[in-house]
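Keep the viewer open as you read.

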Amino acid sequence: MKFINTYLKCGFLLVCMVLVANIASAQRTVTGKVTDAETKEPLIGASVTVVGTTRGAVTDINGSYRVEVPAGSTQLRFAYTGYQEREVTLGSSNELNQELTPGNQISEVVVVGYGSIRKTDATGAVASVTEANFNQGVISSPEQLMQGRAAGVQISTASGEPGGAINIRIRGTSSVRNGNNPLFVVDGVPLAGDDISASGQDAGFGSSAARNPLNFLNPNDIASIDILKDASATAIYGSRGANGVVLITTKRGGSGKGSLSYDYSLGLSKITKKYDLLNGKDFLAAYAKFNGEAAARALDGGAQTDWQDAIFRSAVTHNHNLSYGATNNGGDYRFSLSYQDQEGIIRESGMRRLTARFTGSKKFMNDRLTMSTNVTVSSIHDDNAAIGNNAGFEGDLLGTALKSNPTNPIKIKRVGGNVADSLFQVSKTEANPVAILEYSKDYTNTIRTLGNMTAEYKIIEGLTFKTVLGFDASSSSRRAAYSRDLFTNTVFGKGRLYMNDVETQNRLWENYFTYTKSFGQTNLTALLGYSYQNFGYTSKGFEMTNFRTSNLDQMINNMASANLASGNNSIVASNSSHVVDELQSYFGRVNLGFADKFLFTATLRADGSTKFGGNNKYGYFPSFSFKYRLIEEGFVPEFFSDLGLRLGYGVTGNQSIPHNLYQRRQRYGDWDIDTGGAINGGVLGDVTSENPNLKWEQTSQLNIGLDFGIIKGRVSGSIDLYNKDTKDLLILVRTAQPASTDFFYNNLDANVINRGVELNLNIAAVAQKNFSWNILFNAAYNHNEVKNYSGLLNTGEINGQGLTGAFCQRIANGQPLYAFFVREFGGFDKDGITKYTGKGDVQVFTGASPLPKWNAGFTNSFRYKNLDLSIFFNGQFGQYVYNNTANAYFTAGALANGRNVSKDVAGNGESNLNAPDVSSRFLEKASFVRLQNLSLGYHVPVKSNKISNLRFFVTAQNLAVFTNYSGQDPEVNVNKAIDGVPSSGIDYNAYPRAKSLLLGASVSF
């Protein structure tokens, strides 16, 4: 924790400097408020730019803005969707309020790497989502704010667990093994993207993934999210830009003397859809058909239990957000404090987060020096459910709830005396789901600190130098205890405790020059810089067993030898690791504009990474883009308010691989306590083999785009066509034996192609004094295909009884990544045995892909006087999901063995002797349309001099899903990797998604 303390001390010192300077100094900064000229209501998300520069700001929830105006600049440009754009000459006052009237197009500011730019001047494919268009509801991480809001950006949750992992794909899936998530940059600090907490250990319920590492950010602190999609935009981030870049900009100080804001919301959540299982009576009748009436009577436990109801609940979420911000004397600052307590819809699960944040800046030396800082400190407590990615036939918490005998009671009644009722448990292979909840405790505590300290100095007119010191540090501990009273093979009679700690540290130092100059009708902006980033990751783990106590708190908090039975097999250190990687970079960018008509951008970044061997230590990533603003030509009809053609090409990289895969390395394997209590492991084995030629995975991308606006800007949008070609794919390769090693890492001689088209539309359908209607629509098509690959890679492990070694996906030439590879189901024969079509009892490609072909989002926003209503739909189309849950649990064989099943299994003609092989029987179309958000708000007309804004709101989230998928939710992705090759589109015991109702109010003073 020393590194966290050091950074906190440095950050605290700079915070004090900024605050003192804000009080003691008198420098110029322009602030104000942007409002509707007719209704006088604040315009949230309006853009304010300094004319002739790349500097700008976006208005906050109160319509307030703050922008730093360089010496010599004299005008500000104000713009908002469906309103007339205005340019205003600055006077001597530091405060400038502006009213906009309906009519013209938006000219919003978008953030790009190391700067910002007017969207109409952007030469690359960039999407921007501001606070006004963020998703509402129970939001635990920033990705959820932009889900469905940008064309070509697919965001799907792996499960409905609070704080659960989220998958983001920008313009398709490109990498076989590497991470496919984009690079996240928060206030200029690129995040490592690694897990910051431990994954779940297998105590008989399967292993589970770590929580989302972005949960530490308070969504209420975020002002805008900008998404860089094509290579010409992402090349400035070089080796980390292949999957796109997401730039998160947080809120800064308000305007004038200051603004205090508080909002509170109360959320209620419940499961959207339970599995339609047999009740007790129907279960016994169906069981009797296979085993006879006598066997059914013997199986009858005498109760009527809905095990799903026994583990699910109506969950409550509390959100508190308090902030104070101001701009004065040439500086600004903002404090915020937030607390979220989100219960999960599965009992004993949830997330609690406390976040404190400070941001501030100050000008010195007659505005030549600007110092600023951003610091976020977050404490997160996660209560984890006993749900795994790869549980066997015994099942995890959800699996046992699905298959448990519905006639068994939850508790056994004790007769006489003072003996309390006890939980009913059948055997070591059939745990009571409620017993799993009662006899286990799994939680994670994480502290994360993110921030930066910057100094920008104006050397001469037009030339500035900026240095940035960034830091991102976390410390996490996970404790998972299972009582000796729990009936499972691993735990019963012994108990089990897992302790895992993870620490990360990410240090950044960047220095760059920016030069801006105008030569007549020619505008030049040049950037030249150096970056160094250091990534540290430390982990350690312990396992314990043979506990004398059943008390979970004592097992976790009092691990003295008194709680452990005698013997040598009570505790073992499973393993530990410490890894440091470094990234050194040189980057440059030139923007040229001629007559505000022809715009050119050229970028080059050179990255050197310790992850690669000496023969390919450095990678070089260039890009070029051009925009022709046709609207400046006289031959364009007045019908158009904007028209511009974009063309861009660039090369980016992907270095999301483990540490040092190019040298021959060995280490001792993890130690483990097996089911019987014996200690195994610790065998010396290969980690990697020699390959000094291992090099960067590279993606080249061509983009052609058209920006347009018509009817005086009432309709605006863009169309983009792209082609992404990823080569030199990094993968683990098994070697033919005999050989000196079993495997090595290599670059595959293959390509992954993503081709697609994107459409964005913004429509100000109605813009009147008392009524407005705005429409946002986006849609994207993507085709994914593997080319020039002569090998085969299997992935998509399928779990369940009799399914050891089964898989459902294969990577092969001419197929999309993770294409489904299954037997073709043709129904049952007269004996109830599966018939196969096509090539018979062999797995084949069926043409089904887990990757959506289409993504779309559709928003309607209405305002009537002080009422506002927003309705948002999103959808994905053309993808399939393999229902491993049905494959594992919902078969006639499972029913005949005394396990409950879904109603469609009873009487479907299947024999209990039929093998539940991997087949298209469990492969389902998963297209869907989701009513994601419906939000109704009311701005209270406030005449008080103290209250500046008062709003009440109600938001419904995930109200309805229209789909043919039979599972709980079609938007699911449980990773079932094989040999490190991930899977996609598999449903297995996923934590269910919830629908939520949120009631709240916000007030500003």
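Predicted model: local features only at pLDDT ≥ 70, side-chain atom pairs only at ≥ 80, totals over all residues.

Now look at the ends of H3. Just past the helix, Gly 292 adopts a positive phi of about 95°.

Which residues of H3 are buried? They are Gly 280, Phe 283, Leu 284, Ala 286, Tyr 287 and Ala 288. What they pack against is helix H4 (293-299) and helix H10.

That brings us to the largest nonpolar core, a set of 29 residues. H3 (280-291) supplies at least two of this core's residues, and so do strand S42 (819-822), helix H9 (884-889) and helix H10 (892-896). The members that touch the most other members are Ile 798, Cys 808, Tyr 882, Phe 890, Val 901 and Val 918. In soluble globular proteins, nonpolar side chains tend to be buried together.

Zoom in on Val 918. Leaving out residues up to four places away in sequence, Val 918 touches Ile 798, Leu 803, Ala 806, Phe 807, Cys 808, Val 822, Arg 823, Tyr 882 and Asn 887.

Is Arg 448 buried or exposed? Arg 448 belongs to strand S24 (residues 440-460), and because its relative accessibility is 4%, under the 20% cut-off, it counts as buried. Its side chain has a polar partner: a 2.6 Å polar contact links it to the side chain of Asp 472. Beyond four places in sequence, the residues Arg 448 touches include Leu 191, Ile 196, Pro 213 and Phe 216, along with Thr 376, Val 377 and Ser 378, and also Ala 473 and Ser 474.

Last stop: a loop. Ala 151 sits between strand S10 (126-130) and strand S11 (153-157), and its relative accessible area of 0% is why it counts as buried. What does Ala 151 touch, not counting residues up to four places away in sequence? The list is Lys 229, Glu 758, Leu 759, Asn 760, Asn 778, Ala 779 and Ala 780. Take Lys 229 from that list: it is 78 residues from Ala 151 along the chain, yet their C-alpha atoms are separated by 9.8 Å.

Notes:
Residues numbered from 1 in each chain as written. Heavy atoms only, no water. Helix = DSSP H or I, 4+ residues; strand = E, 2+ residues; numbered from the N terminus. Buried < 20%, exposed > 50% of the residue type's maximum accessible area, 1.4 Å probe, protein only. Polar contact = N/O pair within 3.5 Å; in protein donor to acceptor, adjacent residues only side chain to side chain. Contact = heavy atoms within 4.5 Å. Core = buried A, V, L, I, M, F, W, Y, C linked by side-chain atoms within 4.5 Å.
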